[in-house]
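Please keep the sequence and the coordinates at hand while reading.

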Amino acid sequence: MCLIAAGGTGRQVLPALAVAEALRARDVQVTFAGSPGRVESRLVPEAGFELDTFPISGLPRQPGVALARALGVALASPIACRHILARRRPDIVYGGGGYVSGPMVLAARTRGIPAALAEADAHFGLANRLVAPLARRVFLSFPVQGRGGAKYRVTGRPIPVSSRAGSPAEGRRAFGLPGDAPVLLIAGGSQGARSLNELAVQAFAEEGPAVLHLAGIRDYERLLPRITRDDYRLLSYTDEYGLALGAADLALARAGGSVFELAAAGLPAILVPYPHATADHQTKNAAYFAAAGGALVVADTELERVPALVADLLADAGRRRQMSEAMRRVARPDAAAEIAEELIALASTRR
């Protein structure tokens, strides 16, 4: 049995669900642990897995009452995790990402249960740095300097079934897009990316290529009245991201761990790293795909370059084809299966 601790946003939960699906296909029982009231409370049960919850939150950067309260919750969380482990009795624990991973990996160590971690970005995050010494294996989406040896495996980012690209015709029918014109996919994550959203509406709301714009929950209602043409499809979010990938000829997106979904779809991309990401990890993520030839990188401070780049790429099918091939070369579509096999092997080492 495997217990997966993952939560906070879809960025952590969806790859963990991909691993859970791969484990279930191998007849491994899987349960999840996460925090109450976050996205895992919806996504995990919808996928058919049981979820145990415990209180946990990030630590505010400024001293004060909120920090003291968060520290108290954090100190208590390994005890709650031990209770979950005692009840579930897993053979292996997988820290799939988010604040919930650390205390669960720590609790697993105190109970003699082997544990593994996942790192979604090209920068090794603080939480993972703290608990990595307690893990038997760390699965990296990107090569990370200083993280080598048998303990660290570069697997790529697991991709859930719902994010595997569908056919162009199927995707365009699903979103009401024209079947015979280039389509630009704009995606900034479930919460959206305000600067990308503003750029997209200013540049393309009245004229330009067909657009499928996933604006995020925060900005959707504000942007909707500004769209004036039928082939600009504005949505807050979609559970059918694979169909969205299949519908598009080019993507304009942030450069979080989900860029692996673009790569697996062979979708050329203009990547705009979030400028305030921890340790500028999105720039490192984007550079990995740019170096392979599958993406162009534009700084958030240079967004005025984007409309011309979009026009040039959509007019150049040969270049898009080359970029698509480059994306596929660095994609790791079997990451979930590889991680599942490793977890099964680690579970057999429990003493």
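In which helix is Ile339 found? Ile339 is found in helix 14, which covers residues 335–347, where helices (H or I, at least four residues) and strands (E, at least two) are DSSP runs numbered from the N terminus. The model is a predicted one, in which local features need pLDDT of at least 70 and side-chain atom pairs count only at pLDDT 80 or more, while totals for chains, interfaces and linings use all residues. Residues are numbered from 1 along each chain as its sequence is written, and side-chain values use heavy atoms, with hydrogens and water left out.

Ile339 counts as buried because its relative accessibility is 1%; buried means under 20% relative accessible area, exposed over 50%, and partly exposed in between, with a 1.4 Å probe and protein chains only. Leaving aside neighbours within four places in sequence, Ile339 is in contact (heavy atoms within 4.5 Å) with Val19, Tyr94, Phe139, Thr155 and Pro158. The C-alpha atoms of Ile339 and Ala108, which are 231 residues apart along the chain, are separated by 18 Å.

Thr31, in strand 2, also has a relative accessibility of 1% and therefore counts as buried. With neighbours within four places in sequence left aside, the contacts of Thr31 are Met1, Cys2, Leu3, Ile4, Glu50 and Arg88. Thr238 is placed in the loop between strand 10 (232–235) and helix 9, and its relative accessible area of 11% is why Thr238 is buried. Not counting residues up to four places away in sequence, Thr238 touches Phe175 and Leu214.

Most residues other than glycine have a negative phi.

**A helix pair**

Helix 7 (residues 194–204) and helix 12 (residues 306–314) pack at an angle of about 65 degrees with their axes 10 Å apart, the axes being lines fitted to C-alpha atoms over the stretch in contact and the angles running from 0 to 180 degrees between N-to-C directions. Leu199, Ala203 and Phe204 of helix 7 make the contact with Val306, Pro307 and Val310 of helix 12. By class, this contact has six nonpolar, no polar and no charged residues, where Ala, Val, Leu, Ile, Met, Phe, Trp, Tyr, Cys and Pro count as nonpolar, Asp, Glu, Lys and Arg as charged, and the others, Gly among them, as polar.

**The second largest pocket**

The second largest pocket has a volume of about 290 Å³. Of the 18 residues that line this pocket, Ala248, Asp249, Gly266, Leu267 and Ser324 are the closest to its centre. On a 1 Å grid over the protein atoms alone, a pocket is an open set of points where a 1.4 Å probe fits, with protein on both sides within 12 Å along at least five of seven lines, and lining residues have an atom within 4 Å of a point. Grid points are joined across faces, edges and corners, and the volume is the space filled by probe spheres set on the points.

Helix 6 (168–175), helix 9 (241–247) and helix 13 (317–330) each supply at least two residues of the lining, and helix 13 gives the most, with five residues. By class, the lining has nine nonpolar, four polar and five charged residues.
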